[in-house]
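Visitor: I would like to learn how to read a structure like this one. Where do we begin?

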Amino acid sequence: MIKKLSAYIGQYKMQALLSPILVLFEVVLEVFIPLLMGKIVDVGIPTRDFGYILRMGGLMVVMAAGALVFGAFCARVAVVASNGMSTNLRKGLFDKIESFSFKNTDHFTTPSLITRLTNDVNNIQNSFQMIIRMLARAPFMLILASVMAYRISPRLSVIIFAAIPALALVMGLLAKLAFPRFEAMLQKYDSMNARTQENLVAIRVVKAFVRGDYESVKFKDSAAALKNAQRKAEKILVLAMPIMQLTMYTSILLVLLVGGKDILAGNLMTGQLMSFISYITQILVSLMMILMVFVTLVLSSASAKRIVEVLDEVPAINDDAAISGLTVENGSIEFCNASFSYASDANNLALSNINLSIRSGETIGIIGGSGSAKSTLVQLIPRLYEVFSGEVLVGGHNVKDYKIEALRASIGMVLQKNVLFSGTIKDNLRWGNPNATDEEITAACKAAQADSFIRSFPDGYDTVLGQGGVNVSGGQKQRLCIARALVKNPRILILDDSTSAVDTATDAAIRAAFTEHHGDATTIIIAQRITSVMEADRIVVLQDGAIDGVGTHEELMNTNEIYRDVYLSQQKGVA
Amino acid sequence: MPGPMQHGAQRKPKNAKKTFFRLAGYFKPHLPSVVTILIGLLVSAGASVAGTYLLKPIINQIEQMVQTKSTDFTLFFSYLAILAIIYAVGALTAYIVNLLIVNVSTATLEAVRVDMFTKLEKLPLRYFDSQTHGEIMSRFSNDTDALREMLSQGLPMLITSSVTIIGVLVMMLVLSPLLTALVLVVFALMLLVVQKLGKKSAFFFGKRQKLLAGVNGYIEEMIEGQREVKVFCREEAVSAEFEQKNEELRQSSTSAMTYAMMLMPIMGNLSYALYAAVAAAGAALAILGHADIGTLAAFLQYTRSFSQPLVQASQLFNGFISALAGAERIFELVDADPEVDEGRVTLVNVERDEHGQFREVGCCTNQWAWKRPVGDGFEYVELKGDVRFHDVTFRYDEKVDVLKNVNLFAKPGQKIAFVGSTGAGKTTITNLINRFYDVQMGSITYDGIDVKEIHKDDLRRSLSMVLQDTHLFTGTVRENIRYGRLDATDEEVVEAAKLANAHSFIRHLPQGYDTVLTADGANLSQGQRQLLAIARAAVANPPVLILDEATSSIDTRTEALIEKGMDRLMSGRTVFVIAHRLSTVRNSNAILVLEHGEVIERGDHADLLAQQGKYYQLYMGMFELS
């Protein structure tokens, strides 16, 4: 996990390495200061040598100034490195997610991906910064201060060398005790939030069944459980501070006691004792810092795990095996024994053994109940999902032979759930073809029956849409999305139930415009209304993921029971 | 569609003082603990300050003993003993204080959370319409997290730091006013640095927050629109745009954090410089006889111990401000207006006495009546399921009438259907019956009583809904069905499942009725979830049933399966059906055709066909409604 993430340090490797080195210099300088102070007391005062005192004092100030420069410089490179790393990581994740096929996205869900890219990356950035500064600084300080202490008095150092492992042991024990408790707490926290989220999503159900109080009682239970888990975990950590204080205080007391006697015995000088006490503080504070960093790291390891999960996900679709330079020559489509499963399970097929051959330029209608896998079928054409078995051919080649971009560039698709992006209407229309001229855009909008309402806006084609296209109605949105697909001037045009919010007359006008202006494109129309597909060259009836019948309206009326049923239910009822 | 969220944006609180006192109100039940904590913080900070002061007599004692070559350790030992006691008191108090802080902060958080959630359940649907789930959730997660940090760490540390700084300064003055003067000069310099760096950092942080919100908004938009990105092959363009935004963020974030991060080493080393100056000046003073070595030792220790609290205090203050901003958002939710309910008519279990009069009984007669206050007493009106709209006009916002002068009546046991295109106001009608929203003009009566007079909970208890989007809860299948009526027995749950034709698939689940459903029933198919929703409505056994596109997202085969269950569920009840398959509504007692919020036709199937109006067109024109 660490290896994976540290790869994202990338071009900031220098800064990441420089930071601990600079810290080392800072620490060295800081560690010498108490020693010089001791010298002032032990040499300067007894000899009443003002010059010596001034020199030593001056040297200390210079050292402090040096440490300041190193420290500030280190802070700067650490910040550059950690920001650089998180920027790389964010970019890496973003690109990774862009490489995901629908299947990968379905697996993670959209909100979860967003959290990983935002909150989790932030957590990692903070931890990384902590590592390169604190985690380098504290051990250096610990070691150097110990060395200095030892040089002053090996005898007194015994106290420190006994205290360090004892404290480390106790802290390690506390950490070991605390972590599972913190994990339990985080779990309680997650499940509480999950329940809250459920309540938000299903607020109508809660209200309709008058379960507000019931949910509140349940929430109270989980809030209380969380409180108890949190107390259980934090009560352990609360011990850390007093234990650390006790160790430090006991060490100081012992040092004063033994040191005092040593001074009297002439083995130690007062200034040295004072330096020694400074070193104890430095050492124990470093130990405390190491513990704190570890706690933070463990708490953020969940974020690291969630990020690595995304990074490790293998995109379900890639075009490594594609023949480069292959372009879609014509709009013919062929399904050969194609099967598909969302669960990649042969016993749980959404589409089974589809055989269908569509000529270039043909108009195909698809009819079938919800759950009959109409959308799934057409999403196999631009390779948004991968067939489970069998193959799909476009322009005479297996879709896997094309570079994904070459394949999709030739297909215009209007999805069932449409998304428009923030920006002007024109920006949105150019989404599929950045080089489209204004004339091309207007032509596409006219065909999609969108031109007139766009012109009715005060800013016309430059009207700014909010995120998700919030300021246009459902029907307008659908027409904009159709226009956006037309601007691509695709060989194959797929409309997935994309005129449901458009009235029948406009629907018919759109279809008429297609025939007139895009007659040579293969067109596939999925619809609920039979009128939308009636005039198609052929109509495919899907039922439970299998083709139930293919033919013209007349043929199907004679031969296909489902088609006849649907037709009758929409026309004359089932009288 | 959620708007761009304020990810991590540190807004300033509008009224920090008010929010703080509001928050302090949560400490009331823990007043003794809070007082103990405050005293304890003073004691433990005081102990550490006092402990350092004792260095002076101890070092001086050693010096004196060296000079006088005395071997009388009594005084030395007694100083050490006092020091030991002070240290012990300090450590013990720190422990007790921290324990109490854990107790108080966790209990406070619990109270805040419960207040938030309890309020959430009482809020009208309008509130949920106006806020994204993300916005509400971030109060439960981000804002409470910030509050947790502030309560359990920030606030106590802020107090400790302030006490320590003041204590240290006082003791320094006591030890040596001259050296203190030197300290104060450097101290002023340090304050200046904190302020300068803080200001710079705040400027860049403001910029960084804006860019961060921009990057996060972009992430949100592109991940939500990923299907479009794929279909239009925009991966590279999007990636390039992201790279640019990401790089801008990196630059401003680096500037902002550089200043913040440099604060620590600068302050720490300034304090070392001060330490050096004090050591030199102190030594000079000692030589001149104006100070002793013990004073110098204690003073030096103090110089080291006040720069850290100073840095901490300045950093904690920022955290404090953003936590208060979070608390303010939390209180906004807690203070939001709840659903109004002035209804005094309640629903009670009744039985008929020998005179045929209703008599209220404790439970379970399966016969219900509205208990309506009349004068000093009550009258009982049988619950039948007679629903009428009288000239109802309704709008969600101030602009458009969603319903205009709608009149309708549904007699008990009748099936009333609504047809019309999206936005015609079908769902709105059902939302008004159960008072998710209140009518602005006209009235709705239920068994002759204005629904506004009926206690909302009782009103909703008398209705059952099956919605187009089925929502299930984490828990077992059994618990999910029982959601309709909490006191239903296991047998009743199975009965309801059988009625909804759900029994057979439930039995085939790994743990049958005890199979745990997660994430809105993600492990079930849409049809199976719908069946559970129908079973849930069935177990509630209400006189009125609302089916809002209950079968629209089910394939024909499953629909045939459900149909039988639905018919059984509907029999004997007043049913409101919204459907877009005209075949589903054909056998209704009355069909209302809605267009732009108005009822344009009404009648049964045959009537409407005979009228040759819109319904006839819909039917003959063969177009399905959506």
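Guide: This is a predicted model. We can begin with the contact between the two chains, to which chain B gives 122 residues and chain A gives 124 residues.

Visitor: Which helix gives the largest share of the side of chain B that touches chain A?

Guide: That is helix α9 of chain B, residues 235–287, with 30 residues. Sorted by class, this side of chain B holds 68 nonpolar, 30 polar and 24 charged residues.

Visitor: How is the size of an interface often given?

Guide: Often as the accessible area lost when the parts come together. Here we have residue counts instead: 122 from chain B and 124 from chain A.

Visitor: How many helices and strands does chain B have?

Guide: Chain B has 20 helices and 16 strands. Its radius of gyration is 36 Å, well over the 25 Å that the globule rule gives for 626 residues, so chain B is more spread out than a compact globule. The C-alpha trace of chain B spans about 120 × 70 × 50 Å along its principal axes.

Visitor: Which domains does the assignment give for chain B?

Guide: Domain 1 covers 16–335, domain 2 covers 346–382 and domain 3 covers 387–620. Between the C-alpha centres of domain 1 and domain 3 of chain B the distance is 56 Å.

Visitor: What share of the residues in chain B is buried?

Guide: Buried residues are 47% of the 626 in chain B. As for contacts in chain B between residues at least 6 apart in sequence, 76% join residues at least 24 apart.

Visitor: Let us take a single residue. Is B:L158 buried or exposed?

Guide: The cut-off for buried is 20 or more other C-beta atoms within 10 Å. B:L158 has 20 and is therefore buried. B:L158 lies in helix α6 of chain B, residues 133–175. Apart from neighbours within four places in sequence, B:L158 is in contact with B:A313, B:L316 and B:F320. B:L83 is 75 residues from B:L158 along the chain, and their C-alpha atoms are separated by 26 Å.

Visitor: Now a helix. Which residues of α14 in chain B are buried?

Guide: In α14(B), residues 490–499, the buried residues include B:V493, B:V494, B:A496 and B:A497. They cover an arc of only 160° around the axis, so they are on the same side of α14(B). After α14(B) comes B:N501, with a positive phi near 65°.

Visitor: And a strand: how many of the five residues of β13 in chain B are buried?

Guide: Five of the five residues in β13(B), residues 544–548, are buried, so this strand is largely enclosed by the rest of the structure. B:V544, B:I546 and B:D548 point one way from β13(B), while B:L545 and B:L547 point the other way.

Visitor: Which strands are joined to β13(B) by bridges?

Guide: Strand β10 of chain B, residues 463–466, runs parallel to β13(B) and is joined to it by four bridges. In that pairing B:V466 stands opposite B:L547. Strand β14 of chain B, residues 574–578, is also parallel to β13(B), with five bridges. There B:L545 stands opposite B:V575.

Visitor: What is the strand order in the open sheet of chain A?

Guide: The order of the four strands is β2-β1-β4-β5, with antiparallel pairing. An edge strand pairs on one side only, and here the edges are β2 (351–358) and β5 (397–398) of chain A. Strand β1 of chain A, residues 333–340, pairs with β2(A) in the antiparallel sense over five bridges. Within that pair, A:A338 stands opposite A:I354.

Visitor: Where does A:N489 lie?

Guide: A:N489 is in the loop between α15 (474–487) and β9 (492–496) of chain A. Its phi is positive, near 50°. With 18 other C-beta atoms within 10 Å, A:N489 is partly exposed.

Conventions
Residues are numbered from 1 along each chain as its sequence is written. Chains are lettered from A and ligands numbered from 1 in the order in which they are written. This is a predicted model: local features need pLDDT of at least 70, side-chain atom pairs count only at pLDDT 80 or more; totals for chains, interfaces and linings use all residues. A residue is buried if 20 or more other C-beta atoms lie within 10 Å of its own, exposed if 12 or fewer, and partly exposed in between; C-beta atoms are placed from the backbone. Helices (H or I, at least four residues) and strands (E, at least two) are DSSP runs, numbered from the N terminus. The arc is that of the directions from the helix axis to the C-beta atoms. Domain bounds come from an automatic or database domain assignment. Two residues are in contact if their C-beta atoms, placed from the backbone, lie within 7 Å. Ala, Val, Leu, Ile, Met, Phe, Trp, Tyr, Cys and Pro count as nonpolar, Asp, Glu, Lys and Arg as charged, and the others, Gly among them, as polar. Two strands pair if DSSP finds at least two bridges between them. The radius of gyration is taken over C-alpha atoms; the globule rule is 2.2 Å times the number of residues to the power 0.38.
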